[in-house]
Amino acid sequence: MPDLIAEYPAIDSLETCLNAALEFATKNRRAILHIYNSVNRDIFEQYLWKVCQHVVSAYAGAIFADKPVREEDRELMICFYRQECFGMVMGWMNRGMKDGIREDISRLRELRRGMVDEMIRRGLDGK
């Protein structure tokens, strides 16, 4: 994980978050598939969870930097995006790490444009 932290010290979009986790998995494809398909799969899942936590926390640092979002809303949004990142990567793993995931992420970004800003706005309003 130190390499990942050095490579992504700041993350400015959810797409970058997901691509960071995918990059980690792609670089270590053979080992990851071996562990993923073994009885030690929990080791992979724990490590991926930590990777997702890092990239989403870095992303949150960027998007919440100057916004007074309530702490409980901030934590809830971080939790949501960490789980989304983890779930996207796990789903990709279940499909054998087939090509096309980056295109799916890019399209998802287009479909969700403005969602983060709206969530932040609601967090500011305390609604």
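The following exercises, with worked solutions, concern a predicted model.

**Exercise 1. The cavity**

Determine how many cavities of 30 Å³ or more the whole structure holds, and state which elements give two or more residues to the lining of the largest cavity.

Solution. 
Step 1. A search of the whole structure returns 1 cavity of 30 Å³ or more. The volume of the largest cavity is about 50 Å³.
Step 2. Its lining consists of Val56, Tyr59, Ala60, Ile63, Phe64, Met77, Ile78, Tyr81 and Val116.
Step 3. Two or more lining residues come from each of helix 4 (41–63) and helix 5 (71–94). Helix 4 provides the largest share, 4 residues.
Step 4. Sorted by class, the lining comprises 9 nonpolar residues, with no polar and no charged ones.

**Exercise 2. Aromatic pairs**

Solution. 
Step 1. The count of aromatic pairs in the model is 4.
Step 2. Tryptophan 49, at 33%, is partly exposed.
Step 3. Phenylalanine 80 and tyrosine 81 also form an edge-to-face pair, with 5.0 Å between centres and 75° between planes. Here phenylalanine 80 is partly exposed at 38% relative accessibility, whereas tyrosine 81 is buried at 3%.
Step 4. Ring pairs join Tyr59, Phe80 and Tyr81 into a cluster. Of these residues, Tyr59 and Tyr81 are among those lining the largest cavity.

**Exercise 3. Salt bridges**

State how many salt bridges the structure holds, and identify which residues form one network through shared partners.

Solution. 
Step 1. The structure contains 10 salt bridges.
Step 2. Glutamate 118 and arginine 122 form a salt bridge with an N to O distance of 2.9 Å. Both residues lie in helix 7 (residues 115–125), 4 residues apart, about one turn of the helix. Glutamate 118 is partly exposed at 29% relative accessibility, as is arginine 122 at 46%.
Step 3. Shared partners join the salt bridges of Arg70, Glu72 and Asp73 into one network.
Step 4. Arginine 113 and glutamate 110 form another salt bridge, with 2.3 Å between their closest N and O atoms. Arginine 113 is exposed at 59%, while glutamate 110 is partly exposed at 34%.

Notes:
Residues are numbered from 1 along each chain as its sequence is written. This is a predicted model: local features need pLDDT of at least 70, side-chain atom pairs count only at pLDDT 80 or more; totals for chains, interfaces and linings use all residues. Side-chain values use heavy atoms; hydrogens and water are left out. On a 1 Å grid over the protein atoms alone, a cavity is a set of points where a 1.4 Å probe fits but cannot get out, and a pocket is an open set with protein on both sides within 12 Å along at least five of seven lines; lining residues have an atom within 4 Å of a point. Grid points are joined across faces, edges and corners, and a volume is the space filled by probe spheres set on the points. Ala, Val, Leu, Ile, Met, Phe, Trp, Tyr, Cys and Pro count as nonpolar, Asp, Glu, Lys and Arg as charged, and the others, Gly among them, as polar. Rings of Phe, Tyr and Trp (its six-membered ring) pair if their centres lie within 6.5 Å; planes under 30 degrees apart count as stacked, over 60 as edge-to-face and the rest as tilted. Buried means under 20% relative accessible area, exposed over 50%, partly exposed in between (1.4 Å probe, protein chains only). A salt bridge is a side-chain nitrogen of Lys or Arg within 4 Å of a carboxyl oxygen of Asp or Glu.
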